[in-house]
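Hi there,

Here is the structure I promised to pass on to you. Have a look at it first, and then read my notes below.

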Amino acid sequence: MKKQFIIILIALISFEGISQDLNTFFGKADAFFKTNVSNGKVAYSKIHTDQSSLNELLKIAEGISVSKSDANNYQAFWINAYNLSVIKGIIDNYPTNSPLDNAGFFDKTTYSLAGKNITLNDIEHKLLRGQFNDARFHFVLVCGAVGCPPLINKAYLPNTLDAQLEAQTKKAINGNFIRVNAKKKRVQASQIMEWYKEDFTMNGKSEIDFINQYRTEKLEGKYKLSYFPYNWNVNKQ
């Protein structure tokens, strides 16, 4: 009985430690984004001059433990970790005109996060898209380019995550992600919708159905869909 009590106590202490680390990570990530992001643009020059807060955040992220069974904590952690790692990747190659100017930016460069050495593509495709059927990830994972949906100046948090995913998706679909010519019944979408067509057409829905789910002014009638070129210039202030 005493042995069982000790095991339970150790487990509780470990859980509390993990929880505190996660809360610290979310709090410091929130402060970092508030300080360094404005109107979707990142103060790379400023961060490059003093990298201490970014490096501290990534060091905390290295020791975090998250489980996909705790979906809100898991998703919020990995979304923030992705966005911070993109910033780190650009800072490590600064000055740079585009993330694509740096070989292996998404698929070769690894980051030490939550006990894994992992690439940006692994976070997006294996840990998030590969585990959850949610197209809204595309509106919160920011690849460091102008063509991405804008980076918000706050952290994604477990208790507000769903509302934040909804808000960013609506903002994109009613903003620069979509270009509508109602007269000609044509709509152009970001190439994100072309590259990840399967994410936007789940459960028998079309891309237009997805757009209308979030668009204030619905696309009535039969619209022809095409895609406009992605802007890979770095999203710097």
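A word on names before anything else: helices (H or I, at least four residues) and strands (E, at least two) are DSSP runs, numbered from the N terminus. Residues are numbered from 1 along each chain as its sequence is written. Please keep in mind that this is a predicted model, where local features need pLDDT of at least 70, side-chain atom pairs count only at pLDDT 80 or more, and totals for chains, interfaces and linings use all residues, while side-chain values use heavy atoms, with hydrogens and water left out.

Let's start with Arg 136, which sits in the loop between helix H5 (120-128) and H6. Is Arg 136 buried or exposed? Arg 136 has a relative accessible area of 10%, so it is buried (buried means under 20%, exposed over 50% and partly exposed in between, using a 1.4 Å probe and protein chains only).

Axes here are lines fitted to C-alpha atoms, for helices over the stretch in contact, and angles run from 0 to 180 degrees between N-to-C directions. Glu 166, Thr 169, Lys 170 and Ile 173 of H6 make the contact with Phe 210, Ile 211 and Tyr 214 of H9.

Another residue of helix H6 is Gln 164. Gln 164 is buried too, with a relative accessible area of 12%.

Now for the sheet. Which strands form it, and in what order? The 3 strands run E5-E6-E7 in an open sheet with mixed pairing (two strands pair if DSSP finds at least two bridges between them). Strand E5 (178-181) and strand E7 (224-228) are at the edges with a single partner strand each, so one side of each has no neighbour in the sheet. From one strand to the next, the twist averages 25 degrees. E5 pairs with strand E6 (residues 186-190) in the antiparallel sense over 4 bridges, and Arg 179 stands opposite Gln 188 in E6. Helix H9 (residues 207-214) lies across E5, E6 and E7, at about 80 degrees to E7.

Happy exploring!

Technical notes: Contact means heavy atoms within 4.5 Å.
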